[in-house]
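Please keep the sequence and the coordinates at hand while reading.

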Amino acid sequence: MVRVRLLGGVGAEVGGTPVNLGSAKQRGVLAVLAVEANRLVPVDRLLACVWGDPVPPRARNSLHTYVSGLRAALAGSGEVRLERRPGSYRLTVDERSVDLHRFRELVGAARTADDLRAGALFEEALALWRGEPVADLPTPWARDLRAALGPERLAAELDHADVALRRGRHAELLPDLVDRARDHPLDERAAAQLVLALHRAGRRADALEHYRLVRDRLVDELGADPGPRLQDLHRQLTGGDPAPAGPGRVVPHQLPAAPRSFTGRADELAALTAAVDGATPGAAVVISALSGAGGIGKTWLALAWAHRNLERFPDGQLFVDLHGFSPTDRPTAPADALRGLLDALDVPAERVPADLDARAGLYRSLVAGKQVLVVLDNAATADQVVPLLPGAPTCAVLVTSRNRLAALVTRHGARPLALEALTDAESRALLRAAPGTTADDDPAIAELVALCGGFPLALGLIAARLHHSTPAEVVAELRDSGLDALDDTDDLAASLPAVLSWSLRRLTEQQRTAFALIGIAPGPDVDLAAAASLTGLSEVDARRVLRTLEQHSLLDRRPGGRYAMHDLVRAYAATTADTLPDADRRAALDRVVDFHLHTCRAATLLLTAHGAPMELDPPAPGTRPQPMPDLPAALEWLDTHHPHVLAAQHTAAGLGRHQTVCDLARGLFTYHHRRGRLHDDVAVWQVALASAAHLPDPATHIRAHGYLGGAHADLGQHDEAIAHLHQALALAEHHDHTLHRANTTRALARAWEQRGDDHRALEHALLALDLYRRVEPPVSESTALTTVAWYAGRTGDFDTARTHCRAALTALREEQDLDGEAAALDSLGWIDHHTGHHGEAVRNYRQALTLFRDRGNTREAANTLDNLGHPLLALGHADQARTAWQEALALYRDQGSDADSDRVRHQLRDLDAAR
């Protein structure tokens with residue numbers, strides 16, 4: 001959806017995201033065309049509007065450039081077209097997408113609607129104004145437009161005020177009426193509205209004084225007396241007419257001020273409105289329960305919606321702070337809250353019953369049949385809220401709480417609305433209101449948005465600091481101090497750590513400990529199994545604790561049974577973990593690291609059915625590794641938990657568990673190669689190499705250098721690969737470790753292949769085969785035979801290549817080594833293709849592809865698909881070749897393999913060019 005904004009600086013959004021409209025002149029072109037939306041604008045007039053008179057000689061050329069720039073900026077919407085016609089341009093767009101036209105449409109509708117609907121329409125229209133119209137453009141056309149729109153806005157404001165006064169909203173209107181009367185001192189209508197509002201508010205003397213000031217000003221400056229409306233109003237004042245707000249009724253207006261910095265939340269505002277609009281006449285009272293973490297903006301949203309919808313509730317608005325989570329730690333008792341509500345409804349103290357049920361009954365009787373909004377803020381429990389619910393279906397209730405208040409939903413039909421963080425665009429809009437943040441491309445603002453993670457309280461604190469600090473200075477403070485930078489010792493309600501701490505008060509010791517430990521758990525989130533090991537609880541108890549933390553809005557439940565914390569909540573949880581005994585914190589981290597290590601090992605055993613299993617120490621007491629029933633389950637677990645296993649490796653390094661660091665790298669090796677995660681493989685072996693230096697076993701050091709060198713080779717990083725592989729080889733020779741010599745020599749073959757030296761690669765492959773044959777106890781040499789076959793083929797010795805490949809294939813099938821069989825079939829396909837046996841090549845490639853897919857080896861599946869396309873093309877099956885290469889390209893992209901992606905993209909381009 002596109003939005004063009006003229007009532008302020010010229011701007012546009014596509015799909016809710018602001019777009020860069022370029023220079024001031026380019027924005028001016030859009031402004032003129034948007035004002036004249038769907039109408040042809042002659043080029044000469046467009047030039048005069050944007051450049052003024054005289055028009056510079058090169059303006060016409062610049063205009064073409066600006067139009068092209070606007071087309072590019074708005075291209076993503078599909079809802080707007082910038083068309084050129086002979087001698088003119090036209091912006092074709094839904095006029096409701098342009099705030100100026102939408103404003104006029106809403107005002108026109110409001111002036112023909114009843115008061116209830118008119119108030120909402122006027123407020124929606126006036127909310128579109130963000131400042132001086134087309135403020136970017138200093139030309140006479142822009143000045144004339146601003147001069148014409150000013151009276152339009154004032155007329156809408158005055159009409160809106162008349163409607164609101166008829167609805168009894170004089171107390172709420174007073175601040176705006178005072179400002180308007182000051183800004184337009186000779187406007188009798190504005191003066192009359194202020195005099196009436198002051199009178200209704202019980203300030204008769206102030207009303208008379210303002211009338212006198214206006215009358216004197218009119219006489220002095222215009223030589224005229226006040227008009228009939230003001231004079232009639234003055235007669236009412238001097239005659240003692242009370243000008244009541246309604247027919248003998250009390251209309252409470254208890255809402256706190258509307259939040260001035262409110263931004264975003266369009267979907268949530270719409271949901272609240274839909275709840276009221278969708279209420280069935282005569283049904284139960286409408287209740288909306290807003291939940292979320294402390295500081296997520298629940299009260300902010302409730303008050304913003306309430307003030308935007310005041311006309312729906314002409315009989316008043318009631319507000320109670322229930323202090324469920326506050327510095328006092330004493331939630332308001334329902335009886336005390338009811339006493340406050342009855343006071344607001346003008347019930348004399350002697351008539352207030354002592355009994356809770358009697359108070360609730362009197363309260364419900366007073367609001368029965370009335371349109372009243374009740375805001376119950378900061379509730380602790382559903383039991384605290386229930387006595388305060390009206391019984392009248394004409395009323396509506398907004399409840400905010402950090403708890404989900406499930407009982408309120410199930411027993412009273414409340415509509416739950418869980419608040420998430422603000423989007424980046426909404427966060428920017430909130431910060432943009434602060435001084436010094438006008439540049440949307442300021443990298444410091446982008447970093448502030450990222451550091452706050454869409455948390456409204458954090459963003460509000462940052463916006464306040466931008467009044468006296470630059471964005472760069474605030475970023476530096478956040479980097480240096482972390483969560484402490486969001487602490488405010490003078491105002492606990494504005495301190496994020498303090499606000500979050502209040503959420504822990506009603507948790508048990510077990511729940512608080514779990515909250516703290518989740519804050520330091522490795523990985524972006526946790527699931528039930530990992531949480532059970534982390535906390536040392538059974539899965540039943542861990543599930544109960546997680547559910548409680550979720551109900552208190554300290555955890556969010558994500559798809560797949562995962563639980564995550566907002567970054568700032570997690571940072572606070574980590575600070576609370578520092579207060580746990582060192583031994584308890586260390587034991588929890590040992591358990592969760594062991595959980596990932598042993599579960600990863602179980603998954604890896606299914607991936608490498610023919611490899612020697614890692615020997616591990618038993619897991620720490622209380623650890624519950626997950627069993628792996630089959631290969632698909634193993635791959636699914638690794639796909640899901642890969643970031644957690646990476647994080648567990650870093651946690652293990654921090655704990656000084658160096659053997660575990662190396663074991664986790666080994667556990668991930670096969671998975672990384674199956675899924676093409678080659679950069680991740682380099683990363684884990686770099687960490688492992690650092691830990692290997694602390695271990696006495698030379699095999700660990702050899703393995704770390706060897707695997708790291710192989711990982712660099714797979715990425716084509718030849719110098720790094722050779723350096724590490726030579727170190728591994730030197731260590732293996734020094735310690736007379738034949739198997740490691742063989743493995744390292746085979747990896748060197750791959751490194752030289754990547755360098756383009758196939759002859760040298762073959763030399764290493766042959767040497768590796770010889771070394772494998774010398775290993776005691778004997779190991780399978782089938783994979784080494786495949787390697788020799790591959791490099792023999794690449795050097796043109798296809799007879800040797802085919803002989804070794806078939807021998808390897810026979811042995812691998814006897815050993816039921818499906819991974820090795822797939823690799824041998826792929827090599828055989830390559831040999832067949834390069835010797836002109838294209839049909840045999842296709843058959844071998846397809847058999848290999850089936851095995852690779854069955855084994856979840858997407859990396860080699862991509863390579864085989866790439867290879868398969870060539871013999872298919874040679875056989876004249878261009879469409880099948882294209883399909884194979886398109887699938888290979890998708891896999892390479894998923895794996896982040898840029899070089900392979902570029903190569904296949906060129907093959908597809910050449911194929912299309914040959915059609």
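Among contacts in the protein chain between residues at least 6 apart in sequence, 66% join residues at least 24 apart; contact here means heavy atoms within 4.5 Å. The model is a predicted one, in which local features need pLDDT of at least 70 and side-chain atom pairs count only at pLDDT 80 or more, while totals for chains, interfaces and linings use all residues. Residues are numbered from 1 along each chain as its sequence is written, and side-chain values use heavy atoms, with hydrogens and water left out.

The protein chain has 915 residues, of which 52% count as buried. Buried denotes under 20% relative accessible area, exposed over 50%, and partly exposed the range in between, with a 1.4 Å probe and protein chains only. Along its principal axes, the C-alpha trace spans about 115 × 80 × 50 Å. The protein chain contains 40 helices and 14 strands, where helices (H or I, at least four residues) and strands (E, at least two) are DSSP runs numbered from the N terminus.

Strand E1 (residues 2–5) pairs with E2 in the antiparallel sense over four bridges; two strands pair if DSSP finds at least two bridges between them. Within this pairing, Arg 3 has Glu 13 of E2 as its bridge partner. Five residues lie between the strands of the hairpin of E1 and E2, and in this hairpin Gly 8 takes a positive phi near 145°. In a regular strand the side chains alternate between the two faces of the sheet. In strand E2 (residues 11–14), Gly 11 and Glu 13 point one way and Ala 12 and Val 14 the other way, and all are buried. E2 also pairs with strand E3 (residues 17–18), again antiparallel, over two bridges, and Val 14 stands opposite Thr 17 in E3. The hairpin of E2 and E3 has two residues between the strands, and Gly 15 takes a positive phi near 65° there.

A helix pair comes next. Two packed helices are described by the angle between their axes and the distance between the axes. Helix H9 (residues 204–222) and helix H10 (residues 228–238) pack at an angle of about 145°, and their axes are 11 Å apart. The axes are lines fitted to C-alpha atoms, for helices over the stretch in contact, and angles run from 0 to 180 degrees between N-to-C directions. H9 passes H10 in a left-handed crossing, a term for the case in which the near helix is turned anticlockwise from the far one by less than a right angle. H9 contributes Arg 204, Ala 207, Leu 208, Tyr 211 and Val 214 to the contact, and H10 contributes Leu 230, Gln 231, His 234, Leu 237 and Thr 238. These residues divide into six nonpolar, three polar and one charged. In this classification Ala, Val, Leu, Ile, Met, Phe, Trp, Tyr, Cys and Pro are nonpolar, Asp, Glu, Lys and Arg charged, and the others, Gly among them, polar.

Five bridges join strand E8 (residues 317–321) to E9, and the two run parallel; Phe 319 stands opposite Val 375 in E9. E9 is likewise joined by five bridges to strand E10 (residues 396–401), also in parallel, with Ala 396 of E10 as the bridge partner of Leu 373.

Further along, an open sheet of three strands has the order E12-E14-E13 with antiparallel pairing. Its edge strands are E12 (526–527) and E13 (556–558), each of which pairs on one side only. E13 and strand E14 (residues 562–564) share three bridges, and Arg 558 stands opposite Arg 562 in E14.

Gln 511 lies in helix H22 (residues 509–520) and is buried, with a relative accessible area of 13%. Leaving aside its neighbours within four places in sequence, Gln 511 is in contact with Arg 506, Val 545, Thr 548 and Leu 549. Gln 649, in helix H27 (residues 631–654), is buried at 2% relative accessibility. With the same exclusion of neighbours within four places, Gln 649 is in contact with Val 661, Leu 664, Ala 665, Val 684, Val 687 and Ala 688.

The structure holds zero disulfides, a disulfide being a pair of cysteine sulfur atoms within 2.5 Å. The closest cysteine sulfur to that of Cys 662 is in Cys 600, and because it is 14 Å away, it is too far for a bond. Cys 662 is buried, with a relative accessible area of 3%, and Cys 452 is buried at 1%.
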